[in-house]
Each structure stands twice: as C-alpha cells, then as structure tokens.
Amino acid sequence: MGFLDYAIKRAVDRIILLLGLVILLWFVVEALPEIFGVNPAIWYAPVGQLGRSASYYQNIINDITTLYGFNQPLYVQFVRYLYALFSFNLGYDFQHHEYVINEVMQYLPYTIILTLPPFIFQTLLAIVVGAYAALKRNKVIDHIISNYLILQYNIPGFFILAVLWVVFAVYIKVIPISGLQVLHLNNIMSIFKVYWLPWVIQVFIFGFPVRGILMRNTMVDVLDSDFVKYARLSGLKESTVKAIARRNSIIPVVTRTGIDLAFILGGIYFVEYIFGIPGMGYLGIIASTELNIPLLTGSFFFLTLYALIVLYATDLIYPLVDPRIKLR
C-alpha cells in the first residue's frame with residue numbers, strides 16, 4: 001500500500017467516524033423525541049417566547065415544524081438533516097437572529113489559535129523530555145522528571161486553571177480578567193496578552209504528563225530490547241542507537257495524541273469561559289445556558305469536524321515515523 005492509498009483509507013475512516021457521530025446527534029436531538037411523541041420543534045423555539053400567549057407560541061412551533069420538516073417521515077428528516085449538515089446549512093439561531101454557520105465561523109478561529117499551537121508543542125516537548133528521562137534513567141534528573149509528570153497528571157487540571165487565573169488576572173494583573181473586550185484577531189499583541197497563560201496551561205496540563213511518561217517508559221523498554229543490544233554489539237555508534245530507540249518509542253506517543261486531543265477540546269469549555277476567549281467552548285456554554293439547540297448542534301458538529309481534521313493530520317504523520325504502517 002502506497003502513501004496515497006493509506007491517506008485515502010484513513011480519510012474514509014475519519015469520514016465514517018464523523019458520519020457515526022452525526023447520526024448519534026440526530027437520533028438524540030430529533031429522532032428520540034419523535035419516538036416518544038414529542039415534536040423536536042420545541043427544542044428550536046426561542047426560550048424568550050415561552051411567556052407569550054399559547055396561540056402565539058404554537059404558531060412559532062408550527063413554523064419551525066414546517067421549516068425543518070418535522071412533519072415529514074423520519075427517514076425524510078434524516079436525509080434532510082444530513083444534507084443540511086454536510087452542506088454547512090446549520091439552521092437559524094432564533095435567539096440571536098443569526099445563521100448558525102455565521103456564528104460558528106466567528107468563534108472558530110479563536111479556538112484554533114487556542115488549541116493547535118499548544119497541541120503541537122506539547123507533543124514535541126513530551127517526546128524530548130520523556131526521551132531525556134529515559135536516557136538518564138535512575139539518575140536524579142530522571143526521578144525529578146518522572147515524579148513531576150506523575151504529580152502533574154494527578155492534580156486536577158481545572159483546579160490549576162482556576163488558581164492561575166486568580167493569581168495572574170486578579171492579583172498580579174498581568175493578563176486581562178476577560179479577553180472579550182481586548183482580544184482582536186488582527187492585533188497580535190492582544191492575542192499574546194490573552195493567550196499566553198492558556199497556552200502554557202494547555203501545554204503542561206492537558207496531555208503532556210501522560211505522553212511524557214509514555215515516552216519515557218516506552219524508550220526504557222526499547223533500550224533494553226534485544227534488537228538495541230544487537231545494534232550496540234554490531235558496532236553502531238551510541239548516538240545512532242539512541243536515535244533508533246527514540247524513533248521506535250515515538251509511535252505510542254503519536255497514538256496517544258488522539259486521546260489527548262479529546263481532553264484538550266473538552267477542556268476548552270473551561271479555559272475559554274474563565275479567560276473570556278470567544279471560541280467554540282465559550283459559544284457552547286452560551287448555547288447550553290440558553291437551551292439554544294441549533295447553536296449547540298452546529299458548534300458540536302464543527303468542533304467534531306475540527307478534531308477529526310487534526311486527527312487525520314496525525315494519521316498522516318504515522319508513516320513518517322514508522323513506514324510499516326502503510327503496509328497494514
């Protein structure tokens with residue numbers, strides 16, 4: 001199997017996964033209520049209209065039912081739903097009087113800036129730190145690194161997040177209490193002013209300890225393996241032997257990145273809300289508090305799509321680390 005065949009196969013796998021998640025979302029939001037005799041249009045009606053007269057509210061429900069096709073058979077609704085979602089027609093936000101796709105496109109860049117640089121840097125840092133600890137195993141520096149990684153993993157990340165925000169925003173005042181008023185994508189200084197602490201938190205908390213420990217322990221096992229011992233007996237330079245061991249140890253770390261990405265994207269709801277970053281996590285919290293179903297489903301779809309694109313990019317790195325992957 002060549003690289004192109006491998007890339008196509010992985011793309012198909014990711015599309016299937018996205019389709020499965022979309023079907024699950026449709027079943028929970030639209031199909032399940034109808035099965036129990038509930039019109040899904042009530043989830044889409046603006047909450048602020050509940051206090052109006054019964055006839056006025058019923059007219060809104062009827063309009064939404066016709067607009068979204070909730071009066072049609074389930075299979076027709078399902079096809080309409082898939083077509084609308086994959087054509088990025090995410091519906092209309094009746095509470096903010098805006099198309100959902102416009103709102104998502106407004107908030108999504110802030111989340112990409114928040115998550116992508118730390119995700120890349122923490123992966124590289126975990127490989128370097130873990131490999132260094134493995135090469136210095138049973139020495140003082142190895143114990144310091146290993147104990148730090150274990151301690152960091154067991155301390156709740158959201159507790160550290162809240163404490164650091166209080167220290168740096170409330171007391172020291174080196175970051176704004178909320179980035180909503182000062183953050184502008186066309187102003188690099190405002191980006192660094194708001195983002196530097198969330199970047200640091202994400203680098204050293206969400207995923208870094210696990211991958212660092214994994215890299216260290218995997219490389220220790222590789223260094224003790226028979227093929228490394230044979231490589232040394234064959235007269236290879238120690239630097240070459242270490243490079244071979246490091247390359248073979250990276251594979252589990254790359255695999256783990258997919259799991260850690262889920263933690264990072266799960267954590268952005270807290271990070272963005274606490275630091276006032278108007279990204280997808282912040283948008284999701286707003287939609288949840290408003291019971292804004294069109295906005296919730298639209299933000300979930302795009303956040304899932306973003307995660308799968310990053311995971312697909314990770315899939316394409318595999319053959320560079322281990323060329324045998326293309327043959328499987």
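Modeller: A salt bridge joins the side chains of Arg14 and Asp315, with 2.8 Å from N to O.

Colleague: What makes the pair Arg14 and Asp315 a salt bridge?

Modeller: The term needs a side-chain nitrogen of Lys or Arg within 4 Å of a carboxyl oxygen of Asp or Glu. The pair is an Arg and an Asp at 2.8 Å, so the name applies. This is a predicted model, where local features need pLDDT of at least 70 and side-chain atom pairs count only at pLDDT 80 or more, while totals for chains, interfaces and linings use all residues. Residues are numbered from 1 along each chain as its sequence is written, and side-chain values use heavy atoms, with hydrogens and water left out.

Colleague: How many salt bridges does the rule find across the interface of domain 1 and domain 2?

Modeller: Two. Three residue pairs between the domains, both residues at pLDDT 80 or more, are in polar contact (N or O atoms within 3.5 Å, one able to donate a hydrogen and the other to accept it; residues adjacent in sequence count only if both atoms are side-chain atoms).

Colleague: Why is Leu18 called buried?

Modeller: Buried means under 20% relative accessible area, exposed over 50%, and partly exposed in between (1.4 Å probe, protein chains only). Leu18 has 7%, so it counts as buried. Leu18 sits in helix 1 (residues 3-35). Beyond four places in sequence, Leu18 touches Phe86, Phe301, Thr304, Leu305 and Leu308. Its C-alpha is 7.4 Å from that of Thr304, 286 residues apart along the chain.

Colleague: How do you know whether Ser249 is buried or exposed?

Modeller: Its relative accessible area is 0%, so Ser249 is buried. Ser249 belongs to helix 11 (residues 238-275), and its side chain reaches the backbone oxygen of Ala245 at 2.7 Å. Neighbours within four places aside, Ser249 contacts Met215, Thr218, Met219 and Val222.

Definitions and conventions
Helices (H or I, at least four residues) and strands (E, at least two) are DSSP runs, numbered from the N terminus. Contact means heavy atoms within 4.5 Å.
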